[in-house]
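Here is a short briefing on one protein chain.

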Amino acid sequence: MKILYTKTIYRDGQYVAFPTLAKLPDGRVLCAFRHAPERQATHGAATHVDPAAKDVLIISTDGGKTFDPTLHTILDDEMSEQDPCINVLSDGRIVVTYFRWALCPTGEGPARWGADAFASFGRTLWGQYDCYPDGASYSISDDGGESFRHFPALRMEGVPEGAGVRGSIVELPTGELLLPFYGAMRPGELSRAGLVISHDRGESWEYYATMAFDPACQKSFLEPGIYRTPSGRLVGLYRTQTDFRAPGVRFDDTYLNLHISVSEDGGKTFGPVREVEGLWGSSPFNTLPLRDGRVLLTYGYRRPPYGIRARVCDAELEHIAEAEEIILRDDAPNGDLGYTGAVQLDDGTALVAYYICGQDGIRTIDVTALA
């Protein structure tokens with residue numbers, strides 16, 4: 001595939017990040033992302049937790065060529081909203097998944113969430129807030145995104161209390177939905193990846209399976225994506241790191257290559273996790289099935305030269321390592337970028353969305369088109 005163009009579809013001077021794309025049956029293309037104030041001037045650095053963060057979407061009515069900059073709010077409450085992943089089911093229903101951080105005044109976190117849990121999973125923000133992951137949740141729209149019904153966080157045995165979610169939903173031929181989650185079950189463990197299943201088009205969910213877990217606590221499996229191959233195999237793709245909370249470890253040095261595991265029984269069980277040699281990526285891995293049978297794999301690249309990369313892979317994802325790497329961008333000033341989402345437009349063009357930091361330090365939502 002060749003690059004056709006790259007352009008910015010949203011910029012307002014604030015901190016915008018973590019986009020996903022989806023196409024509605026009427027041809028409109030939606031781009032969902034997190035919107036938060038730009039606080040570098042007042043706090044000295046940007047952060048992925050913010051009490052004013054909300055999940056929003058913008059809309060293209062011309063098949064993805066242009067996007068109206070009007071922000072449509074998906075969710076805005078007293079928490080820090082994160083990572084809206086927009087999914088359009090076969091009947092047109094929109095299910096947006098996300099996770100949230102809860103906040104309280106500094107010093108109250110250990111009493112509110114438990115000293116061990118806060119030490120393992122919490123953080124203090126700007127000396128003003130104690131923050132703690134509140135878990136994965138979702139919103140549903142049956143009117144094309146005009147309105148949403150919001151649901152509480154997923155609380156159930158087998159799912160971490162503070163679970164996150166990034167990967168897209170897989171809709172099975174039976175109509176059931178599979179949603180990947182990630183997180184640590186208890187202090188002392190690293191993150192696992194797993195699945196919840198819905199039998200009622202996303203109205204409710206139950207625990208289904210563990211996709212990847214390292215009981216030796218050497219590897220943390222984060223932000224899983226899931227892809228269903230033409231043969232029915234389910235492939236889990238994991239952003240993988242060593243323990244970035246270990247003393248003296250620099251966070252950027254903990255990233256590992258892509259790791260995957262495969263289910264041959266519809267997601268009930270997954271085989272051993274294996275590393276894909278030579279495919280290093282430091283943001284989630286997104287898969288887009290193309291009409292010609294191939295799969296477009298996209299990911300952020302958070303070391304010099306900072307940017308966005310892709311591979312065009314075989315339909316079964318059996319030869320990812322051999323697929324040629326395509327550099328979509330290598331012009332970012334730092335590694336605050338990535339979190340790709342992609343959709344194939346009616347004309348066959350693949351549109352890849354991501355966030356990226358400009359030379360002026362302002363984050364934008366950009367797209368690169370491939371054909």
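The side chains of Gln241 and Thr254 are joined by a polar contact of 2.7 Å. A polar contact is a pair of N or O atoms within 3.5 Å; within protein, one must be able to donate a hydrogen and the other to accept it, and residues adjacent in sequence count only if both atoms are side-chain atoms. This is a predicted model: local features need pLDDT of at least 70, side-chain atom pairs count only at pLDDT 80 or more, and totals for chains, interfaces and linings use all residues. Residues are numbered from 1 along each chain as its sequence is written, and side-chain values use heavy atoms, with hydrogens and water left out.

**Gln241**
- Gln241 sits in strand S16, residues 234–241. Strands (E, at least two residues) and helices (H or I, at least four) are DSSP runs, numbered from the N terminus.
- Gln241 counts as buried because its relative accessibility is 0%. Buried means under 20% relative accessible area, exposed over 50%, and partly exposed in between (1.4 Å probe, protein chains only).
- Beyond its neighbours within four places in sequence, Gln241 is in contact with Gln218, Lys219, Ser220, Leu222, Phe251, Thr254, Tyr255 and Leu256. Contact means heavy atoms within 4.5 Å.

**Arg329**
- Arg329 belongs to strand S22, which spans residues 325–329.
- With 13% relative accessibility, Arg329 counts as buried.
- The side chain of Arg329 makes a polar contact of 3.1 Å with the side chain of Asp366.

**Lys7**
- Lys7 is placed in strand S1, residues 3–10.
- Lys7 counts as partly exposed, because its relative accessibility is 29%.
- A polar atom of the Lys7 side chain lies 2.3 Å from the backbone oxygen of Lys65.
- Leaving aside neighbours within four places in sequence, Lys7 is in contact with Lys65, Thr66, Asp366 and Val367.
- Lys7 and Leu351 are 344 residues apart along the chain, with their C-alpha atoms separated by 11 Å.

**Ala32**
- Ala32 is part of strand S3, residues 29–36.
- Ala32 is buried, at a relative accessible area of 0%.
- Ala32 touches Phe18, Pro19, Thr20, Val56, Leu57, Ile74, Pro84 and Ile86, not counting residues up to four places away in sequence.
- Ala22 is 10 residues from Ala32 along the chain, and their C-alpha atoms are separated by 8.6 Å.

**Whole chain**
- The secondary structure comes to three helices and 25 strands.
- Taken along the principal axes, the C-alpha atoms fill a box of roughly 55 × 45 × 40 Å.
- Of the 371 residues, 58% count as buried.
- Among contacts with a separation of 6 or more, 52% come from residues 24 or more positions apart.

**Surface and charge**
- The protein chain exposes about 14600 Å², and carbon and sulfur atoms supply 49% of it. Accessible areas come from the Shrake-Rupley method with a 1.4 Å probe; for residues, only the protein chains shown count as cover.
- The protein chain has 35 positive and 51 negative charges, and their mean positions are 2 Å apart. Lys and Arg count as positive and Asp and Glu as negative, while His and the chain ends are not counted. The place of a charge is NZ of Lys, CZ of Arg, CG of Asp or CD of Glu.
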